[in-house]
Structure formats: structure tokens, C-alpha cells
Amino acid sequence: MSREKYFIETWGCQMNLHDSERMAGILAGMGFEPALRADEADLILLNSCAVRDKAEQKVYTRLGELRMLKRKRPDLLIGLCGCVAQLEGASLLKKQGRGVDILIGPRGIPDLPKRIREARRVGKSIDLSYRKDAVLYEPEEVLHGTFPKAFVNVMEGCNMNCAFCIIPRTRGREIYRPADKILEEIRLLANDRFLEVELLGQTVNAYRDGKCRLSDLLERIHSIDGIQRIRFTTSHPLLMNRRLMDSIRDLPKVCSYLHLPVQSGSNSILKSMQRGYSREVYREKIDYLRKDREISIGTDIIVGFPGESDRDHDDTLSLISAIGFDIIYSFKFSSRPGTIAAEMPDPVPENVKSRRLQELQALQVVIQRERNLKLIGRNLEVLVTGRSRKSVEELSGRSECHRVVNFTGPDTLLGHLAPVVVQGAGVHHLSGKWLPETGSA
Ligand code: SAH
């Protein structure tokens with residue numbers, strides 16, 4: 001008898017991507033194999049994102065399509081997982097009718113086998129509890145799908161209270177994975193020739209296990225042979241303390257790129273967002289980080305938060321110019337149910353949000369191109385992960401400073417670190433030439 005097949009569709013952040021790797025690992029353990037297309041699968045899991053309304057709507061559209069598929073194939077199991085499942089819960093089941101068989105939030109992943117068996121037996125299975133033991137899983141359960149880089153979960157949930165953000169509601173309060181399990185997983189990855197790990201948490205720099213904080217964890221990972229690069233995301237500026245910044249300076253395997261979402265450059269908006277820092281404090285931290293090591297900085301910005309005036313927006317633009325970010329992910333504010341911001345007065349009209357987003361992005365294009373042009377002539381080590389999007393003849397990967405670098409070279413470089421000299425720079429990628437004389441492949 002042929003094995004049952006699964007198909008997972010993922011929206012949203014790296015955390016979601018990795019949750020899907022965990023679900024894939026659990027399903028593999030149950031004897032499932034991956035299907036190439038959704039319509040060939042016996043089980044389809046939608047791993048949803050609730051951070052902005054648009055992402056939420058996308059999953060509803062997809063659910064509608066899958067309901068049609070299920071009409072033709074009544075045995076098909078459909079699971080809605082992730083943050084939309086957690087947020088909309090049972091009310092969603094009513095709205096979406098009989099299409100959804102399994103409903104689990106991010107913390108329901110370890111019990112996926114139980115959910116599948118129950119759904120088969122009684123037609124439906126739901127778990128939306130905020131389980132505190134959701135991080136107590138074995139490293140072998142994860143199917144890492146991004147060789148030679150691996151995402152490693154270190155915690156779940158978020159204790160921050162940002163006025164705009166739905167995540168504390170969807171992922172619950174912080175729980176931390178035991179450091180020993182994290183290290184065990186990374187040693188196994190090193191044995192399997194993984195070269196880079198990225199530690200994941202919604203507020204990763206809140207990590208703790210007894211006395212072990214994120215900086216201690218970085219030190220312990222640093223001593224694992226075979227692991228060449230360490231990243232971690234996402235850090236909250238408020239918790240970016242000296243000790244952690246010194247670890248970034250002192251541990252060469254910790255990559256020279258940090259994602260540090262500022263959200264706004266206006267102090268009054270930062271205050272109503274409840275971010276807990278000012279633009280001055282944020283700048284001081286960036287200055288400290290850049291003092292002794294060349295660190296690229298990425299950030300997230302929300303435009304059109306309730307009450308944001310033209311002056312507030314100008315403050316954001318001036319902060320962007322002053323800091324010179326290497327990359328910005330920018331979003332229009334999206335009101336999320338149950339958040340503090342959803343109740344705030346003075347919404348910014350849609351056309352103003354769009355204009356501000358355009359202004360911000362136009363400014364960043366200029367800054368980003370300039371910063372990338374400065375890298376021409378440099379030798380960068382590239383972790384070669386695949387082929388360039390533009391041309392299958394070119395290899396592609398990320399530099400330590402998180403730039404996409406495309407270059408020509410032999411396929412034997414795939415899965416390795418390759419030295420590349422930068423010869424061209426666009427807004428979103430660099431191009432270069434492989435330096436075989438010092439090559440490591
Ligand atoms: N803890 C993570 C949050 C991940 S969400 C972090 O601090 O980065 C990723 C980004 O989405 C956030 O940084 C923010 O810029 C954006 N975002 C979150 N809620 C939003 C909302 N309601 N509207 C628009 N953008 C939002």
C-alpha cells in the first residue's frame with residue numbers, strides 16, 4: 001500500500017516556516033510522505049499568519065478553494081494551523097462550515113498525531129490551549145528543509161505589550177526551550193554538515209533557561225565544531241543589553257547582521273505603540289553595536305499607526321536617513337482585533353498610509369543602493385544555498401552581512417561557504433565572482 005501524503009502551505013514569519021518544519025518532521029515520523037501538489041495529498045495543513053489583515057484574508061480564500069477539493073474527495077483531511085487558527089478559534093469553524101477537520105494553534109504542534117487520529121475517528125479535532133510544554137520536543141522530530149542553514153526554535157510566545165501586535169494573543173506568554181535540548185539539536189545539525197543556525201523567537205533576546213540567557217547560549221553554540229555561522233531573530237530593542245551586544249562583538253561566528261525592529265522614528269508614536277524606548281535610545285544602541293564591528297542593521301517600520309501626523313512621519317524618515325539601514329521591511333498599519341491600537345482614535349486614512357509607505361520605500365531604495373555599492377571590491381563569504389532567481393546558471397546565497405549574492409561557480413559549491421569578490425550591486429542583491437584559488441569546496 002502506498003504511503004499517505006501530506007502538503008503544508010505556510011504564510012508569515014520564519015517562526016511559522018519553522019513550525020511547518022516541525023509538523024513535517026512529526027508527519028514523517030507517522031509514516032506520511034510529502035506530496036508535490038496539494039491535490040495529491042491526503043492531508044493538507046495551512047499554517048496561517050494573523051499579523052496583518054491581508055495575511056488572514058489570504059488563508060480564508062485558500063480554505064474556500066480547498067473546500068471545493070474536499071467536495072470531490074471527502075476523505076481529504078484539512079487542518080488550519082498557526083496564528084489565525086488560534087485567534088479565530090471555534091468561531092471560524094462555524095463560519096467556514098465543514099471544511100476544516102483539524103484546528104490547532106502554534107502550541108498544538110506536538111499533539112498533531114492525536115489530532116489526526118481524532119479527526120479520522122470523529123470528524124473533527126481542535127486544540128487551542130496555550131500549553132506550557134509546547135517547547136518540550138525532541139530534536140529528532142524536526143525536518144530541517146533549508147540545508148545548509150537550519151532554523152532552531154529557542155522559545156515560544158511574547159511577553160511584550162506592543163499596542164499594534166496580535167502575536168501575544170496568538171502565541172501566548174513566553175515559554176523557553178531548555179538550553180540542553182537546543183544544544184543537542186545543534187550538535188546533531190553539525191553532524192549532518194549544517195553550517196549555519198538561526199535561533200528563533202518572537203522576542204529572542206528575552207530567552208532564558210535558569211541562568212542561561214541568550215548571550216550564554218550564543219557562547220555555548222559558538223564552541224560547537226562545524227557550525228560556522230550563528231544568527232538569531234527577532235530581537236526587541238528594549239532588551240538589547242550591553243552584554244548581548246558585547247557577545248555580538250566578541251563572537252566571530254555570530255553574523256555581522258542584526259534585525260532590530262524600530263517600528264517608528266517618532267517618540268510620541270513609539271510611546272503610544274508601547275515600545276518602551278525612544279529614538280535616541282535606539283540610536284545609542286546602534287552606535288554601540290557599530291563601534292567595534294561592522295554590523296549591518298535591518299529593521300521593521302509601521303507607517304500610519306493611529307494618530308501618526310506628518311511630523312511623526314518626518315521623524316521616521318529622518319531616523320532612517322540618520323541610521324542608514326541595510327534593509328527595511330515596511331508595512332501599513334493594520335488594525336488587529338483585541339489589540340490596544342484597535343481601540344485608538346485618529347486612524348490614518350488609507351491614501352495617506354500608502355503615500356507614506358511610498359515615501360519611505362523611495363528613500364530606502366537610495367540608501368540601500370548606496371550601502372550595497374560600498375561593498376563592491378570586498379571579499380565576502382557566501383553560504384551557497386541554491387541558484388539565483390534570475391538565472392539558473394548562477395549560484396546564490398547569503399553573505400555574513402545578510403546580502404543575497406549571485407555568482408557563477410561549480411555546483412560542488414552548493415551547501416558550502418564560498419569566497420566571492422563583489423563586482424556589482426543592486427538594491428536587493430549583489431553579484432560577484434567566485435575566488436577559486438582560496439576556495440573551500
Ligand atoms: N516580535 C516580532 C514581531 C513579528 S511581526 C518583532 O518584534 O519583529 C513582524 C513585523 O510586522 C513587526 O515588526 C511589525 O513591523 C509588523 N507588524 C506587526 N503588527 C502589525 C500591524 N498590526 N500592522 C502592520 N504591521 C504590523
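I shall speak about the ligand site and then about a pair of helices. Please bear in mind that this is a predicted model.

Let me begin with the ligand. There are 15 residues around it, and those that come nearest are Arg52, Gln202, Gln263, Asp300 and Ser334. By class, the residues of this shell divide into seven nonpolar, four polar and four charged. Two strands deserve a mention here: strand 15, residues 296–303, and strand 16, residues 327–332, each contribute at least two residues to the shell.

For Gln202, a polar backbone atom lies 2.8 Å from a nitrogen atom of the ligand. How much of the ligand's accessible area does the protein cover? On its own the ligand has 530 Å² of accessible area, and the protein covers 92% of that.

I turn now to the helices. Helix 6 spans residues 179–191 and helix 7 spans residues 214–222; their axes come within 11 Å and cross at roughly 30°. Angles under 35 degrees count as roughly parallel, and therefore helix 6 is roughly parallel to helix 7. As to handedness, the crossing of helix 6 past helix 7 is right-handed.

Thank you for your attention.

Key. Residues are numbered from 1 along each chain as its sequence is written. This is a predicted model: local features need pLDDT of at least 70, side-chain atom pairs count only at pLDDT 80 or more; totals for chains, interfaces and linings use all residues. Side-chain values use heavy atoms; hydrogens and water are left out. A residue is near a molecule or strand if one of its heavy atoms lies within 4 Å of it. A polar contact is a pair of N or O atoms within 3.5 Å; within protein, one must be able to donate a hydrogen and the other to accept it, and residues adjacent in sequence count only if both atoms are side-chain atoms. Accessible areas come from the Shrake-Rupley method with a 1.4 Å probe; for residues, only the protein chains shown count as cover. Helices (H or I, at least four residues) and strands (E, at least two) are DSSP runs, numbered from the N terminus. Ala, Val, Leu, Ile, Met, Phe, Trp, Tyr, Cys and Pro count as nonpolar, Asp, Glu, Lys and Arg as charged, and the others, Gly among them, as polar. Axes are lines fitted to C-alpha atoms, for helices over the stretch in contact, and angles run from 0 to 180 degrees between N-to-C directions. Angles under 35 degrees count as roughly parallel, over 145 as roughly antiparallel, 65 to 115 as roughly perpendicular and the rest as oblique. A crossing is left-handed if the near helix is turned anticlockwise from the far one by less than a right angle, and right-handed if clockwise.
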